[in-house]
Amino acid sequence: MSPNWYTNIPEEIVTQSLPIRRTPASKPITCIVTSADLIGTFTHFYRGRTTPCERPDCEACRDGQPWRYHAYVGAWSRNSGLHFIFEMTAQAAEKLIEFRTKYQSLRSCQIDAYRWGKRSNGRVILKASPSGIAPTDLPLEPDLVKCLSVLWNIPLPDLETGHTTKNSPAVTIAQKIATTRLGTHAT
Ligand SMILES: [Zn+2]
């Protein structure tokens with residue numbers, strides 16, 4: 001009996017997702033976009049967590065729940081080195097769409113965003129400008145659909161274990177890793 005030592009992170013415990021961050025109320029957020037493009041979808045806050053709207057066949061819609069559109073991009077903080085998914089409202093996303101129209105890609109775009117009036121539900125004021133950082137100096141572009149599917153517990157055909165079905169309780173990343181390690185299939 002002897003331990004196994006690795007010079008890389010073993011593939012089975014590599015985290016399959018990135019955390020989501022929104023514009024905080026208290027202070028501005030600055031980050032660099034790592035995605036070439038944004039993706040967006042309608043979501044509900046349903047049964048205590050965010051879940052994508054699946055209209056025309058959507059349980060939350062049938063329950064009369066309100067929906068909101070959110071857009072997402074991969075984002076990297078130059079200060080902390082954290083790579084995360086930045087969530088924004090449609091109105092904030094318009095600035096990124098303008099940037100995309102002008103520069104063809106969002107990758108390496110700098111986002112400076114804050115909440116109007118420092119209120120948690122205040123309008124997000126977002127500025128998009130070229131960061132000057134070479135795309136090769138940024139983290140690899142994340143698979144946004146895959147990351148959000150992990151966070152929202154949506155089954156994906158090519159996603160391995162550590163990923164439960166949509167209607168099961170939310171699981172934490174730590175639990176996902178543990179499940180993956182054990183190689184068990186959650187049901
Ligand atoms: Zn819905």
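Visitor: Over which residues does pLDDT stay under 50, and how many contacts beyond four places in sequence does the model have for them?

Guide: pLDDT, the predictor's confidence in each residue from 0 to 100, stays under 50 over residues 160-187. For that stretch the model has 37 contacts beyond four places in sequence, where two residues are in contact if their C-beta atoms, placed from the backbone, lie within 7 Å.

Visitor: What are the ground rules here?

Guide: This is a predicted model, in which local features need pLDDT of at least 70 and side-chain atom pairs count only at pLDDT 80 or more, while totals for chains, interfaces and linings use all residues. Residues are numbered from 1 along each chain as its sequence is written.

Visitor: What is the mean pLDDT of the protein?

Guide: The mean is 83, and 80% of the residues reach 70 or more.

Visitor: OK, layout. How many helices and strands?

Guide: The protein has 4 helices and 8 strands. Helices (H or I, at least four residues) and strands (E, at least two) are DSSP runs, numbered from the N terminus. The order from the N terminus on is β-β-β-β-α-β-β-α-β-β-α-α.

Visitor: What share of the residues is buried?

Guide: Buried residues are 26% of the 187 in the protein. A residue is buried if 20 or more other C-beta atoms lie within 10 Å of its own, exposed if 12 or fewer, and partly exposed in between, with C-beta atoms placed from the backbone.

Visitor: Which members of the largest nonpolar core touch the most other members?

Guide: Ala 75, Phe 86 and Ile 111 do, out of 29 residues in that core. A nonpolar core is a set of buried Ala, Val, Leu, Ile, Met, Phe, Trp, Tyr and Cys residues joined through C-beta atoms within 7 Å.

Visitor: Which element gives the most to this core?

Guide: β5, with 5 residues. Elements that each supply at least two residues include β2 (29-33), β5 (68-76), β6 (83-89) and α2 (90-103).

Visitor: And what does Ala 75 touch?

Guide: Not counting residues up to four places away in sequence, Ala 75 touches Cys 31, Ile 32, Val 33, Thr 34, Phe 84, Phe 86 and Ile 111.

Visitor: Why is β5 called largely enclosed by the rest of the structure?

Guide: Because 7 of the 9 residues of β5 are buried.

Visitor: Which way does β5 pair with β3, and over how many bridges?

Guide: β3 and β5 are antiparallel over 5 bridges, and Thr 41 has His 70 in β5 as its bridge partner. Two strands pair if DSSP finds at least two bridges between them. β5 also pairs with β6 in the antiparallel sense, over 7 bridges, with Ala 71 opposite Met 88 in β6. With β2 the antiparallel pairing has 2 bridges, and Ile 32 is the bridge partner of Trp 76 in β5.

Visitor: How many residues sit between β5 and β6 in their hairpin?

Guide: There are 6, and in that turn Gly 81 has a positive phi of about 80°. The hairpin of β3 and β4 has 2 residues between its strands, and Arg 47 in the turn has a positive phi of about 50°. β3 and β4 pair in the antiparallel sense over 4 bridges.

Visitor: Switching to helices. Which residues of α3 are buried?

Guide: Leu 144, Cys 147, Leu 148 and Val 150. They cover an arc of only 155° around the axis, so they lie on the same side of α3; the arc is that of the directions from the helix axis to the C-beta atoms. What covers these residues includes β3 (39-46), β5 and β6. Just after α3, Asn 153 has a positive phi of about 60°.

Visitor: Back to the backbone. Which peptide bond is cis?

Guide: The bond from Arg 55 to Pro 56 is cis, with omega near 15°. Pro 56 is in the loop between β4 (49-52) and α1 (59-62).

Visitor: Gln 104 has a positive phi too; what is the value?

Guide: Phi of Gln 104 is about 70°, although this residue is not a glycine. Gln 104 is in the loop between α2 and β7.

Visitor: Is Gln 104 buried or exposed?

Guide: Gln 104 is exposed, with 10 other C-beta atoms within 10 Å. Lys 118, in the loop between β7 and β8, has a positive phi near 55°. Lys 118 counts as exposed because it has 12 C-beta neighbours inside 10 Å.
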